[in-house]
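Student: I am new to this structure and would like to go through it by question and answer. Where do we begin?

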Amino acid sequence: MIRVWGRRSSINVQKVLWTLGELDLPFSRETVGGSFGGNRDADFLRMNPNGLIPVILDGDITMFESNAIVRYLAARYRAGVLRPAEPKALAAAEQWMEWQQSTVYAPVTTLFFNTARLPPDKRSPAAVAEAHAKLAPALAIADAHLARHDWFAGEDFSFGDIVMGALMWRYTGLGHPIAEHGHLAEWFDTIKERPSFRQHVATPVARSVEEWTRIERELA
Ligand SMILES: N[C@@H](CCC(=O)N[C@@H](CS)C(=O)NCC(=O)O)C(=O)O
């Protein structure tokens, strides 16, 4: 059985759990990282020398980097479900996954840290303003794409939707509506109906350090 190391409050762990659910794959999970620790232990560092979650073990394959894990699972299991079989759709899924990582992930993470992780005296209004300035055009780009396509890869749900879906849950959960981007909002409404998303991603999003401390422990 596939083993996963990581706490459920981590967005990068959530992506992997959502993927496992979409692929109907049984797995076991160990709560590691954050206040639970364990990710600096020698055994863990042998699997991921970066000391970061998630990590998976599948037979003789040990992997870190959440997007690579999502792609690996999609390629190995039920190919054609999350990883499009047709080259044009696959190219689009890969492209939007890379774009999410290079363009959307960092500013959303800046907003998250400046809301729920950093104490007020360590927060940076300038960094928050810069994050919003980066996100406004990025969300407009996603919206324009989804005006012409049902999903990021085109006609079908794919791993391109998984990475953006997890980020949009965090972004909207932090209190930033996406209603002005009507196509993105419509796409996200559909994402929120998916059972595996509801199970693994649709968890409370902290809006203060106190909430984060509680939610992290509750989710484990
Ligand atoms: N690029 C890596 C980033 C992994 C990462 O930053 N993980 C965070 C949680 S989201 C982590 O391990 N933080 C330390 C901790 O939780 O103790 C990935 O996508 O897997």
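Tutor: We begin with a term: a contact means heavy atoms within 4.5 Å. The model is a predicted one.

Student: Among contacts between residues at least 6 apart in sequence, what share joins residues at least 24 apart?

Tutor: The count takes contacts in the chain between residues at least 6 apart in sequence. Of these, the share that joins residues at least 24 apart is 69%.

Student: Which pattern of helices and strands does the chain follow along the sequence?

Tutor: The chain has nine helices and four strands. Read along the sequence, they give the pattern β-α-β-α-β-β-α-α-α-α-α-α-α.

Student: What is the radius of gyration of the chain, and how does it stand against the globule rule?

Tutor: For 220 residues the globule rule gives 17 Å. The radius of gyration of the chain is close to that, so the chain is as compact as a globular protein of that length. The value for the chain is 17 Å.

Student: What percentage of the residues in the chain is buried?

Tutor: Buried means under 20% relative accessible area. Of the 220 residues in the chain, the buried ones make up 49%.

Student: How many aromatic pairs does a search of the whole structure find?

Tutor: A pair of aromatic rings is described by the distance of the centres and the angle of the planes. Searching the whole structure gives a number of aromatic pairs, and that number is 11.

Student: Of what kind is the pair of W169 and F197?

Tutor: The ring centres of W169 and F197 are 5.7 Å apart, and the planes stand at 80 degrees. Planes over 60 degrees apart count as edge-to-face. The pair of W169 and F197 is therefore edge-to-face.

Student: How many residues apart in sequence are the parts that this pair ties together?

Tutor: W169 lies in helix α6, residues 159–173. F197 lies in helix α8, residues 195–200. The pair therefore ties together parts whose separation in sequence is 28 residues.

Student: Is F197 buried or exposed?

Tutor: W169 has a relative accessible area of 21% and is partly exposed. F197 has 0% relative accessibility, so F197 counts as buried.

Student: Of what kind is the pair of F188 and F197?

Tutor: F188 is buried, as is F197. Their ring centres are 6.2 Å apart and their planes are at 90 degrees, so the pair is edge-to-face.

Student: The charged end of which residue sits over the ring of F157?

Tutor: F157 belongs to a cluster linked by ring pairs, with W151 and F152 among its members. A charged end sits over the ring of F157, 3.5 Å from its centre, and it belongs to R194.

Definitions and conventions
Residues are numbered from 1 along each chain as its sequence is written. This is a predicted model: local features need pLDDT of at least 70, side-chain atom pairs count only at pLDDT 80 or more; totals for chains, interfaces and linings use all residues. Side-chain values use heavy atoms; hydrogens and water are left out. Rings of Phe, Tyr and Trp (its six-membered ring) pair if their centres lie within 6.5 Å; planes under 30 degrees apart count as stacked, over 60 as edge-to-face and the rest as tilted. Helices (H or I, at least four residues) and strands (E, at least two) are DSSP runs, numbered from the N terminus. Buried means under 20% relative accessible area, exposed over 50%, partly exposed in between (1.4 Å probe, protein chains only). A charge sits over a ring if NZ of Lys or CZ of Arg is within 6 Å of the ring centre and within 35 degrees of the ring normal. The radius of gyration is taken over C-alpha atoms; the globule rule is 2.2 Å times the number of residues to the power 0.38.
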